[in-house]
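User: I have a model open and want to go through it with you. Can we start with how the strands are put together?

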Amino acid sequence: MTRARHGRPVHHWRRDVVELAALFTAVAVADAVANLIGHGPDGPALLMISAIVLAATAGFHVWWARRHGHAPPVSDTGARPAAETRPAGQSERSGGSAADEVAGVLWRMRTTVKDEPGSLAALCTALAEHHVDILSLQTHPLADGTVDEFLLRAPGALGAAELTRAVALAGGMSTWIERADAHDLVDAPTRVLALATRTALDTSELPLALRQLLGRCAIRSLPGTSAGGGRGPEPVPAEGVLEDTVMRLPAPEGGVLTVERPYLPFTPTEFARARALVELDGRLGPRIPRSQDVLTLPEGDDITVRRVDTGDLAAAREMHERCSSRTLGLRYHGPVGDADRYLNHLLSPRYGRTLAAQTASGRIVGLGHLLWDGDETEVALLVEDEWQRRGVGGELLGRLVTMAAEAGCASVYAVTKASNTGMVAAMRGLGLPLDYQVEEGTLVITARLDPAPVPTAPRSQPPHLT
């Protein structure tokens, strides 16, 4: 008997014919022997002895077949490719690789168990039976059960579906699981302290710190009053509000900070940590790093690139007054007279980071914004007419995208008019994969980021940016 690649036995018709012929021959011989012996004086005794001998022979054959029948010879070890030593498709189901088979795969898992003695022990026993190593564990007692958070190292052949099934059989409910990486090996207190340090150094780090603390989530900061002077969002109490997958906290600058996760409910522990970060940010007040770079443009002019905030609002408005209506229209996609109303929001480090290009006399000639938009990141540029086509926009854009990559953003997008060929050229100058979407004259360009720093636009051909 041979075996196909899928492991099922394959029968050959020639072997079946031989076995059938042997069976008929054996029956004929047995009948002849029985007739010959049965009519003799010692016939019954001889038949009994023959039956015992046949039974003993059959037993010996079964024992010998089980011991030596289908085991491969010792010299065969290592002769098969590794892919044929496990069921086909197993590696694809788990998403593993050869390295995963050796080192294991890291998983973050959260599940809910009944709040009764032995429930956690049953869960840990089920994981141990699948050779899963529990690297860290946090428990969050709730009214209707206990939420357990695990960091696991599992065999590479064990996929998320198998893990979830094992947890469910052990009593786990509402299980959520995703791949983890080496950064998750840091214990929770150390990670929270590191995020608090980042937040203390830079106001714009708060949304990023919350994302890293809580995982994939959308963070929106709604000001107390709208840009048009209308009614703002409903206020929340000082201690904040937790509603399943949504938490609302008082924003440090007034208004409401909303954090939303699509599927996984927030635990009271996560809510307390997020509230502590927001309170820390509010106590420290607006702050940005005060570093700057002096650059020489292709034409020989020196400009300074630095972080700016609402303290530079007057200088930014003066630049607006020097820009043409066309330049402002390409940037803000609306009535030019409303442009100044956006500046206070754009310059606030609560909503992102802003870089300014400044001349030796201190005049701002270009602004670049990196804005946290929920769980996405937007880049935007405005360069004064007199300073366009001189490389200012390329310098700002390159630095903004580098900031986004260092902050862990997977992509950035720019919204402009389809006629703004300068912005298109600037995005192309980044040398990153781009996606384009056009709708009613509005162009959205999305750049997928590399982990490495992004170079600025080539100096030999400075793009025309507005």
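Analyst: First a term: two strands pair if DSSP finds at least two bridges between them. Helices (H or I, at least four residues) and strands (E, at least two) are DSSP runs, numbered from the N terminus. With that, strand 3 (residues 105-113) and strand 5 (residues 145-154) pair in the antiparallel sense over nine bridges. The model is a predicted one, where local features need pLDDT of at least 70, side-chain atom pairs count only at pLDDT 80 or more, and totals for chains, interfaces and linings use all residues. Residues are numbered from 1 along each chain as its sequence is written, and side-chain values use heavy atoms, with hydrogens and water left out.

User: Which residue of strand 5 does threonine 112 stand opposite?

Analyst: Threonine 112 faces valine 147 there.

User: What is the strand order of the open sheet?

Analyst: The order is 4-5-3-6, four strands with antiparallel pairing. Strand 4 (133-142) and strand 6 are the edge strands, each pairing on one side only. Direction ignored, neighbouring strands in this sheet are turned by 15° against each other on average.

User: Which helix packs on that sheet?

Analyst: Helix 5 (residues 119-129) does, touching strand 3, strand 4 and strand 5. Its direction makes about 20° with that of strand 5. Axes here are lines fitted to C-alpha atoms, for helices over the stretch in contact, and angles run from 0 to 180 degrees between N-to-C directions.

User: Back up a bit. How many helices and strands are in the protein?

Analyst: The protein has 14 helices and 18 strands. Of its 466 residues, 39% are buried, where buried means under 20% relative accessible area, exposed over 50%, and partly exposed in between (1.4 Å probe, protein chains only). Contact means heavy atoms within 4.5 Å. Among contacts with a separation of 6 or more, 63% come from residues 24 or more positions apart.

User: Now helix 8. Why is it described as largely enclosed by the rest of the structure?

Analyst: Because nine of the 10 residues of helix 8 (residues 205-214) are buried. Those buried residues include Glu205, Arg211 and Leu214. Glycine 215 follows helix 8 and has a positive phi, near 85°.

User: Which non-glycine residues have a positive phi?

Analyst: Serine 174 is one of them, at about 50°, and aspartate 244 is at about 60°. Serine 174 sits in strand 6 (residues 173-179) and is exposed, with a relative accessible area of 65%. Aspartate 244 is in the loop between strand 8 (241-243) and strand 9 (246-250), and is exposed at 51%.

User: Last one, valine 365. Where does it lie?

Analyst: Valine 365 is in strand 14 (residues 364-373) and is buried, with a relative accessible area of 0%. Beyond neighbours within four places in sequence, its contacts include Met319, Leu382 and Trp387. The C-alpha atoms of valine 365 and cysteine 323 are separated by 9.4 Å, and the two residues are 42 apart along the chain.
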